[in-house]
Amino acid sequence: MVIQPGRGLYGQAVEEIGRRIIRGDHPPGSVLYPEKLETELGVSKTVVREALRVLASKGLIESRQKRGTTIRPRADWNLLDSDLLRWQGSSAPTDSFLEDLAEVRAIVEPAGARLAASRRTESDLTALRQALDAMAAAGTDTEAMVEADLAFHRALLDAAHNELLSRMEVVIEAGLGIRDRIVHGARHFSDSVPVHEELLQAVEAGDPDAAAAAAQALLAQASEDLVAARSGDGADEGAADATEEEAR
């Protein structure tokens, strides 16, 4: 791949090299050669050097004298970094990666819904209602549905009014975005508006138990839709669409 001029050479270089590492093109322990990257990407030494500096800050690589620039063990990667999550999701996400994301959502979202039911403000409820209305209006527009779904779950975490919990949105949004693009791209999914409506009503009613149960029901439906999409006729097409969309 040659980096396209005029689209932010530095950012594109970070994306391309990062995706290669996540895909396994450069496995842990292997050496990266900056000069080779300059030629392959068609960019300057400065662009490659700065891109490698960013990737080092994410735990992907390290540079040492006499050893050069090497790929670090996966255990050293900052897996909660938003870019790493996005790259993993856009590079043909594995079953184990999707399962990990689903497990994190199952731990975080019911607890977040429980807190949201106790702490939500009128502005929180407005944000949730607006997101739900956008979901209902999205119809078959995959990107509109994905954006509305992300907005709903972001608003739900914010309604818990816990700063650390809100920071979990990077993981929730990664898992949700990947799942949505696979499912909606495959055109094989249940109507998600009713389960979101049930969750919103529980939060509005200030019922923590009902909110947690509604969040669990929503996640169960999401998992069923994902299994159906990945095993159905449209699974490959949906996954390809998800990968292409994330790569843009």
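A salt bridge is a side-chain nitrogen of Lys or Arg within 4 Å of a carboxyl oxygen of Asp or Glu. In this predicted model, the side chains of R129 and E204 meet in such a bridge, with an N to O distance of 3.8 Å. R129 lies in helix α6 and E204 in helix α10, so the pair ties together parts of the chain that are 75 residues apart in sequence.

**Salt bridges around R129**

- R129 also forms a salt bridge with E197, and here the N to O distance is 3.0 Å.
- This second pair likewise links distant parts of the chain, since E197 belongs to helix α10 (residues 193-204) and R129 to helix α6 (residues 122-138), 68 residues apart.
- R129 counts as partly exposed because its relative accessibility is 25%, a value that falls between the limits of 20% for buried and 50% for exposed.
- E204 is partly exposed as well, with a relative accessible area of 31%.

**Other salt bridges**

- One of the pairs joins R23 to D25, whose closest N and O atoms are 2.7 Å apart.
- Both partners of that pair are partly exposed: R23 has a relative accessibility of 43%, and D25 has one of 42%.
- A network of salt bridges links E15, R19, K58, D81, D83 and R86.

**Packing of helices α5 and α11**

- Two packed helices are described by the angle between their axes and the distance between the axes.
- For helix α5 (residues 95-119) and helix α11 (residues 208-231), the axes come within 7 Å and cross at roughly 160°.
- Angles over 145 degrees count as roughly antiparallel, and α5 and α11 are therefore roughly antiparallel to each other.
- The crossing of α5 and α11 is right-handed.
- On the α5 side, the contact is made by D95, L98, R105, A106, E109, P110, A113, R114, A117 and S118.
- On the α11 side, the contributing residues are P208, D209, A211, A212, A215, Q216, L218, L219, L226 and R230.
- Sorted by class, the residues in the contact of α5 with α11 comprise 12 nonpolar, two polar and six charged ones.

Note on methods:
Residues numbered from 1 in each chain as written. Predicted model: local features only at pLDDT ≥ 70, side-chain atom pairs only at ≥ 80, totals over all residues. Heavy atoms only, no water. Axes fitted to C-alpha atoms, helices over the stretch in contact; angles between N-to-C directions. Helix = DSSP H or I, 4+ residues; strand = E, 2+ residues; numbered from the N terminus. Parallel < 35°, antiparallel > 145°, perpendicular 65-115°, else oblique. Left-handed = near helix turned anticlockwise from the far one by under 90°. Contact = heavy atoms within 4.5 Å. Nonpolar A, V, L, I, M, F, W, Y, C, P; charged D, E, K, R; others polar. Buried < 20%, exposed > 50% of the residue type's maximum accessible area, 1.4 Å probe, protein only.
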